[in-house]
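Here is a friendly walk through one protein model, written for someone who likes cut-offs spelled out. Have the viewer open while you read.

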Amino acid sequence: MDGASRLRIHDRPPFVVRRSARIPVSEETFEYATGHGSAHAKTILIGEHAVVYGYPAIAFPIPHLSLTATARLLPYPDSVSTHTGRIEGSVSAEGFGTISGSYSLTEGFSFDDQTVPGDEVRFESGLTLDVPSSRTGERRGKRRIATVGDPSTGAIYLDVDTEEAEDELAQSALRTILSHVGEKPGRAEVTVEGSIPTARGLGSSAAMASAIAVAVARLYGHELTSEERFELVQFVERIAHGTPSGLDAYQTMADGPLWFQAGKAEPLELAHAPALVVADTGLPGHTLDAVRGIRERRERDPRLVDLALETIASLAHTTREALRIGDMSSVGRAMNDCQEILTELGVSHSRLEHLVGAARDAGALGAKLTGGGLGGCIIALAPSHGAVPALSRALSAAGAKNVWSINPANEESS
């Protein structure tokens with residue numbers, strides 16, 4: 001995806017410092033408002049793709065795989081000219097571009113032993129990401145991807161020529177929440193940091209949208225209801241996935257596993273926590289392509305595809321009851337059967353199949369792809385929490401780029 005082709009790039013007007021009385025000021029330093037938001041990854045145990053057509057699915061949170069967003073209002077020195085103090089940050093200064101340093105009312109902006117006079121300083125707000133790349137899965141450090149400016153038009157400008165899916169999604173999330181709270185871009189500085197790999201079927205787009213939405217809303221003094229948060233995330237999810245079921249939007253903010261069907265979520269009853277492991281093939285998934293492929297196949301052969309989706313739904317019901325009574329062998333069998341159907345539907349991949357086989361060879365009760373497929377991750381069920389470390393090592397030895405336990409606390413206590 002080429003995010004640059006859809007957004008206004010460069011040639012932006014300078015953002016002029018304006019007077020404001022909204023920032024509280026102490027005698028020594030500038031203080032500015034902040035808002036924080038967070039969300040975590042999710043994994044689908046069973047029901048992916050069928051859930052798009054109103055059938056049930058079961059999903060689990062991965063709380064230790066998360067994203068956090070911090071939003072702040074940039075201070076305007078013109079509004080506090082009678083006070084002394086310093087500001088650390090980035091500005092756009094005539095002749096220097098965007099630079100970082102320390103601003104003093106009396107001295108101007110200092111950096112690299114140089115000083116820009118205060119009347120030449122233009123504060124710039126924007127969007128910075130420090131999240132794994134959708135292509136490599138590796139975090140690349142903080143990257144300034146966009147500048148929000150030109151308050152008269154509410155434009156958001158892409159600062160980088162990018163093909164990273166997460167860049168465009170982050171901008172969409174910021175634009176959506178600013179519109180929701182009735183604020184134009186121009187003062188919000190948002191930084192997103194976290195470890196959820198993008199395009200792996202773990203809900204990274206929903207988590208990013210959710211964290212940004214909460215942080216920016218809190219910045220402007222608004223606490224989102226669960227319904228507002230869901231709708232905002234769904235809006236951004238439609239950009240990522242076309243026709244999202246809503247499962248990711250719910251599960252990335254839920255503390256426990258969910259039973260999800262036809263847009264409604266409810267807590268899942270468990271006899272005890274299953275010993276689940278997620279392994280990353282290192283290959284980006286392609287949810288949009290996978291969903292489109294099944295839809296097109298259903299148009300050609302509705303009877304066959306509907307039978308497959310109904311069978312997945314039946315397996316989800318079986319899994320729900322097995323989890324309720326603690327029958328993990330039945331859960332594993334349902335996972336294996338579901339993987340066979342997903343493969344027949346054309347959404348698996350050779351790398352997914354390789355890790356699924358490695359998990360089963362290492363003693364997993366069941367293993368299957370998780371999420372949209374065509375790459376991404378698998379989920380495997382170990383026979384016990386004590387067996388999770390050995391299963392994780394086997395998956396790493398088989399080439400998994402990353403392996404995560406869903407319930408590390410249970411693993412440590414076993």
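Is R218 buried, exposed or partly exposed? With a relative accessibility of 37%, R218 counts as partly exposed, where buried means under 20% relative accessible area, exposed over 50%, and partly exposed in between (1.4 Å probe, protein chains only).

## Ground rules

The model is a predicted one: local features need pLDDT of at least 70, side-chain atom pairs count only at pLDDT 80 or more, and totals for chains, interfaces and linings use all residues. Residues are numbered from 1 along each chain as its sequence is written, and side-chain values use heavy atoms, with hydrogens and water left out.

## Salt bridges

The structure holds eight salt bridges, each defined as a side-chain nitrogen of Lys or Arg within 4 Å of a carboxyl oxygen of Asp or Glu. One of them links R218 to E223, with the closest N and O atoms 2.8 Å apart.

Another joins D289 to R292, where the closest N and O atoms are 2.9 Å apart. Both D289 and R292 belong to helix α5 and sit three residues apart, about one turn of the helix. An α-helix has 3.6 residues a turn, so residues three or four places apart point the same way. D289 is partly exposed at 39% relative accessibility, and R292 is partly exposed at 31%. A further salt bridge brings together the side chains of R298 and D306, at 2.6 Å from N to O. R298 has a relative accessible area of 30% and D306 one of 21%; R298 counts as partly exposed, and D306 does too.

## Helix α5 and its two sides

Helix α5 covers residues 287-300, 14 residues in total. (Helices are DSSP runs of H or I with at least four residues, strands are runs of E with at least two, and both are numbered from the N terminus.) From its first C-alpha to its last, α5 reaches 20 Å, close to the 20 Å expected at 1.5 Å a residue; the expected span is 1.5 Å times one less than the number of residues.

Which residues of α5 are buried? They are A290, V291 and I294. Seen down the axis of α5, these buried residues fall within an arc of 100°, so they line one face of the helix; the arc is that of the directions from the helix axis to the C-beta atoms. The buried residues pack against α6 (302-325), contact meaning heavy atoms within 4.5 Å. On the face turned away from the buried side, α5 carries the exposed residues E299 and R300.

## Strand β12 and its partners

Strand β12 (residues 258-261) pairs with β2 (residues 57-73) in the antiparallel sense over three bridges; two strands pair if DSSP finds at least two bridges between them. Within β12, W259 is the bridge partner of I58. W259 also stands opposite E266 in β13.

Four bridges join β12 to β13 (residues 264-267), and these strands run antiparallel. The two form a hairpin with two residues between them, and A262 in the turn has a positive phi of about 50°.

## The four-stranded sheet

An open sheet has four strands in the order β15-β16-β14-β17, with antiparallel pairing. Its edge strands are β15 (366-370) and β17 (402-405), each pairing on one side only. Neighbouring strands are turned by 20° against each other on average, direction ignored. (Axes are lines fitted to C-alpha atoms, for helices over the stretch in contact, and angles run from 0 to 180 degrees between N-to-C directions.) Strand β14 (residues 276-280) is joined to β17 by four bridges, and V277 stands opposite S405 in β17.

Helix α7 (residues 328-344) packs on the sheet, touching β15 and β16 (377-381), and its direction makes about 45° with that of β15. Helix α9 (residues 388-397) lies across β14, β16 and β17, running at about 15° to β14.

## Positive phi in two loops

H49 has a positive phi, near 75°, although it is a residue other than glycine. H49 is found in the loop between β1 (34-46) and β2, and is buried, with a relative accessible area of 6%.

A199 is not a glycine either, yet its phi is positive at about 60°. A199 lies in the loop between β11 (188-194) and α2 (204-219), and counts as partly exposed at 25% relative accessibility.
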